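Come and read along with me.

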Amino acid sequence: MKVIIVGGGIGGLTAAAAFHQRGWQVEVLERAREFTEIGAGVSIQPNGLRALDTLGLGDRLRSCGPADPPAGIRRANGSWLIRNDIHGLKRRFGQWATVHRAALIDLLRAAVPAQALRPGTEVREVRPDGTVRHGGRTFAADLVVGADGLHSATRRSLWPHIPGPRYVGYTAWRFIAPPQPIEGSVETWGRGERFGYAPMPDGRIYCYALANAPIGSRTRLERLRERFAHWHGLIPTLLNTADEDAVLQHDTYELPELATYVSGKVAMIGDAAHAMTPNLGQGACQALEDAVTLAAAADTLGVRAGLEEYDRLRRPRTQMIARRSRQVGAPAHWTSPPLAALRDAALPLLPKGLISRSAADAYTWTP
């Protein structure tokens, strides 16, 4: 059996590794000239690590240096809005891992035969019959996996009339700061803006900021430093260590809910199917879940029944998590002073176990 995978990011390479381990002939078509990742850090939560466990790769990430769950959320002045029970979260759900995206890509790429990787290949069209057009020629497979991200050519080919990605109203900056002592993974909320950081295994610090902004607007590092200059603790220091050329800025999009993730012999995974806001940190984890679930279903049940089962299992879950991610992040972007004050007064009063209970659906997934 042959599978063509369109897209060589986290989801695509995970799918390639999963199908390869099951004996399928695999071909991965990646538009970029090499299989790499220019992003910053990525947090792989317990459910994502369990997905990697099915490929024998979960412990490789755990051994890089275990990461704690998020410590909580602070106000701009440093006082706590929410403080998580880190040890309780780890006891209940398992380990976290925070790594550079490029390190995760390298780990997945090594699990796929080199001859299966086709960089510099731009797919023009994908058809429900399992044919893919690129380089002026058409190629066929028993199954095609659309793992080609937010602006998926696979999705456009299959459903040209459905709404495209929608801007959620805020932009994001990401960068890696040099090593220095920090208190763990913390996010800080202001009015219409927030800043987060998390330690990485090599001591460096993954940093990100989000702020309400018109679509397509761009902000230089100097302006970003001014914006957060009076925030608590290390936030100004971390920004002062950043290199202008190393700060990535991307507007934040999500996909409207699709009626199905499959068509004929084609299935979509990851952002191509359910691009979501980054507020729960579940985007990569859901792509990992998608990939191993699809490979298991198609290999065990056959392509037709397997794709039906994949859609039945994955679409409700990923769309639920996307909705929850949107809802969780919304209060951070309130700009009204009375609303923000109400938020800041209410969050510390939430029951201690609420965070654990609300995260259970995401973290307790098993293959």
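I looked up Asp290 and Arg314 and found their side chains joined by a salt bridge, 2.6 Å from N to O. A salt bridge here is a side-chain nitrogen of Lys or Arg within 4 Å of a carboxyl oxygen of Asp or Glu. The pair links distant parts of the chain, with Asp290 in helix H10 (residues 283-301) and Arg314 in helix H11, 24 residues apart. Helices are DSSP runs (H or I, at least four residues) and strands are runs of E (at least two), numbered from the N terminus. Both Asp290 and Arg314 are buried; buried means under 20% relative accessible area, exposed over 50%, partly exposed in between (1.4 Å probe, protein chains only). I also noted a salt-bridge network that links Glu289, Asp290, Arg314 and Arg317.

A note on the source: this is a predicted model, where local features need pLDDT of at least 70, side-chain atom pairs count only at pLDDT 80 or more, and totals for chains, interfaces and linings use all residues. Residues are numbered from 1 along each chain as its sequence is written, and side-chain values use heavy atoms, leaving out hydrogens and water.

Next I checked Asp251, which forms a salt bridge with Arg218, the closest N and O atoms being 3.5 Å apart. Asp251 sits in strand E17 (residues 248-254), and Arg218 in the loop between strand E16 (205-212) and helix H7 (221-227).

My last pair was Arg194 and Glu187, with closest N and O atoms 3.2 Å apart; both residues are buried. In total, I noted 27 salt bridges in the structure.
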